[in-house]
Amino acid sequence: MTTVEGGSLSRRHFLGSLAAVPLLYGLGSVTPALANAATPPGGAPSVGVPKATDDLVRGVERRYNAPLLTAGTRLVLPAGIKAVPVQDYYRHPHLASAESEWPRMTATDGTTVDASIVPERNAPTRIAMLSGFTEGWYELIHATGRADRVSWDARKFPFLWFYGEFGATTEAPYHNWFYTLALQPLSRNPYSRNTLTG
């Protein structure tokens, strides 16, 4: 069992730390909404920047890849979890207008899927914010029988970012190559239902 803890990061430190991580992680973690709200050099906050108590605090991201991640791998979550898909993630990310009961989720192609089961290669991307955690944990059960259980303090991190890229995205830098599942506890939902509509 792995316990995940996170420290408080200002938006400036959050964005600055992304320069040292791979491109895929940067694309998957920075949203225009967060980038636009960053503190400029000199420390004077931009108009519309939330108070420090509203800063996004991130737990440790766990990324699972092939060959360990295979079709049929299962993600188990506590009861009562809700999923809200993140739409237009690579250009103008924003929340869908409706949430669903886990494990039902709408994939990027509009189909309803069982998000608890990792699909075959070339399945549509699945990206969502998960909420409703009274207990912070998930368990990934691999086809080999191995189980990875991760837990965290749900009072500090009541949201879980769910990102499944299964090889269907053709745009650069993905080119149908990536087969990965990333999960990260967050202190708040960084997306809105109207984030950058144009």
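Mentor: The model is predicted, so local features need pLDDT of at least 70 and side-chain atom pairs count only at pLDDT 80 or more, while totals for chains, interfaces and linings use all residues. Residues are numbered from 1 along each chain as its sequence is written, and side-chain values use heavy atoms, with hydrogens and water left out.

Trainee: What makes a stretch of the protein chain a helix or a strand?
Mentor: Both are DSSP runs numbered from the N terminus: helices are H or I with at least four residues, strands are E with at least two. The protein chain has 3 helices and 13 strands.

Trainee: Why is Asp-148 called buried?
Mentor: Buried means under 20% relative accessible area, exposed means over 50%, and partly exposed lies in between, with a 1.4 Å probe and protein chains only. Asp-148 has a relative accessible area of 14%, so it falls under the buried cut-off. Of the 198 residues of the protein chain, 45% count as buried.

Trainee: How do you know that Asp-148 and Arg-146 form a salt bridge?
Mentor: The term requires a side-chain nitrogen of Lys or Arg within 4 Å of a carboxyl oxygen of Asp or Glu. For Asp-148 and Arg-146 the N to O distance is 2.9 Å, so the pair qualifies. Arg-146, at 44% relative accessibility, is partly exposed. The structure holds 5 salt bridges.

Trainee: What makes Asp-88 worth a separate entry?
Mentor: Asp-88 has a phi near 50°, a positive value in a residue other than glycine. Most residues other than glycine have a negative phi, and most peptide bonds are trans. Asp-88 is in the loop between strand S4 (82–87) and strand S5 (94–95). Asp-88 also forms a salt bridge with Arg-91, at 3.2 Å between the closest N and O atoms. At 30% relative accessibility Asp-88 is partly exposed, while Arg-91 is exposed at 53%.

Trainee: Where is Asn-122, and what is its phi?
Mentor: Asn-122 has a phi near 80°, again positive in a residue other than glycine. Its place is in the loop between strand S8 (112–114) and S9.

Trainee: Which peptide bonds are cis?
Mentor: Pro-67 is in the loop between strand S2 (62–65) and strand S3 (74–76). Another joins Trp-102 and Pro-103, with omega about 15°. Pro-103 is in the loop between strand S6 (100–101) and strand S7 (104–106).

Trainee: How do you know that S12 pairs with S9 and with S13?
Mentor: Two strands pair if DSSP finds at least two bridges between them. Strand S9 (residues 126–131) and S12 have 5 bridges in the antiparallel sense. S12 and strand S13 (residues 180–186) are joined by 7 bridges and also run antiparallel. Both counts meet the requirement, so both pairings stand. Phe-162 in S12 stands opposite Ala-128, and opposite Leu-183 in S13. Strand S12 (residues 159–165) is mostly covered, with 6 of its 7 residues buried.

Trainee: What makes a set of residues a nonpolar core?
Mentor: The members are buried Ala, Val, Leu, Ile, Met, Phe, Trp, Tyr and Cys residues joined through side-chain atoms within 4.5 Å. The largest such core has 29 residues, and Trp-102 and Phe-162 are among those that touch the most other members. Elements that give two or more residues to this core include S9, S12 and S13. A second, separate core of 12 residues includes Val-86, Tyr-89, Leu-186 and Tyr-191.

Trainee: Which residues does Trp-102 contact beyond its neighbours within four places in sequence?
Mentor: Contact means heavy atoms within 4.5 Å. The contacts of Trp-102 include Leu-75, Leu-77, Leu-130 and Phe-162.
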